Amino acid sequence: MKRESFPDGYTIVYFNNNDIKQTFPDQKVVYYFAEAKTTQSTFPDGLQVFKFANNQIEKHYPDGTKEIM
């Protein structure tokens with residue numbers, strides 16, 4: 001695992017399985033699952049957005065509802 005931290009609060013972690021986790025100063029977290037080629041973005045308000053290798057996008061809202069695009 002390798003971690004890089006920057007003065008503005010941005011951090012990026014490279015995992016041994018090739019996953020990558022980015023944390024932004026506004027607390028948004030973007031996690032890339034290398035094996036599945038899927039990106040999960042988690043926003044400070046609890047919204048989670050998944051983008052899959054086939055370009056499908058799913059939004060998971062804090063209230064439990066889901067939207068598939």
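Predicted model: local features only at pLDDT ≥ 70, side-chain atom pairs only at ≥ 80, totals over all residues.

User: Why is the contact of Glu4 with Lys2 called a salt bridge?

Analyst: The closest N and O atoms of Glu4 and Lys2 are 3.5 Å apart. The limit is within 4 Å, between a side-chain nitrogen of Lys or Arg and a carboxyl oxygen of Asp or Glu. The pair therefore counts as a salt bridge. The structure holds one salt bridge.

User: What makes Glu4 and Lys2 buried, exposed or something in between?

Analyst: Glu4 has a relative accessible area of 25%, and Lys2 has 48%. Buried means under 20% and exposed means over 50%. Both values lie in between, so Glu4 and Lys2 are partly exposed.

User: What sheet do the strands form, and in which order?

Analyst: Eight strands form an open sheet with antiparallel pairing, in the order 1-2-3-4-5-6-7-8. Strand 1 (2–5) and strand 8 (66–68) each have a single partner strand, so they stand at the edges. From one strand to the next, the twist averages 10°.

User: How many aromatic pairs are there, and why is the pair of Tyr31 and Phe33 called tilted?

Analyst: A search of the whole structure finds five aromatic pairs. Pairing requires centres within 6.5 Å; planes under 30 degrees apart are stacked and over 60 edge-to-face.

User: Why is the pair of Phe50 and Phe52 called stacked?

Analyst: The centre-to-centre value for Phe50 and Phe52 is 6.3 Å, with 15° between the planes. That distance is within 6.5 Å and the angle is under 30 degrees, so the pair counts as stacked. Phe50, at 14% relative accessibility, is buried because the cut-off is under 20%. Phe52, at 26%, is partly exposed.

User: What makes Lys28 count as sitting over the ring of Phe24?

Analyst: The charged end of Lys28 is 4.8 Å from the centre of the Phe24 ring. The distance limit is within 6 Å, and a position within 35 degrees of the ring normal is also required. Lys28 is listed as sitting over the ring. Phe24 also belongs to an aromatic cluster with Phe6 and Tyr10.

Conventions
Residues numbered from 1 in each chain as written. Heavy atoms only, no water. Buried < 20%, exposed > 50% of the residue type's maximum accessible area, 1.4 Å probe, protein only. Pairing = 2+ DSSP bridges. Helix = DSSP H or I, 4+ residues; strand = E, 2+ residues; numbered from the N terminus. Axes fitted to C-alpha atoms, helices over the stretch in contact; angles between N-to-C directions. Phe/Tyr/Trp six-rings, centres within 6.5 Å; stacked < 30°, edge-to-face > 60°.
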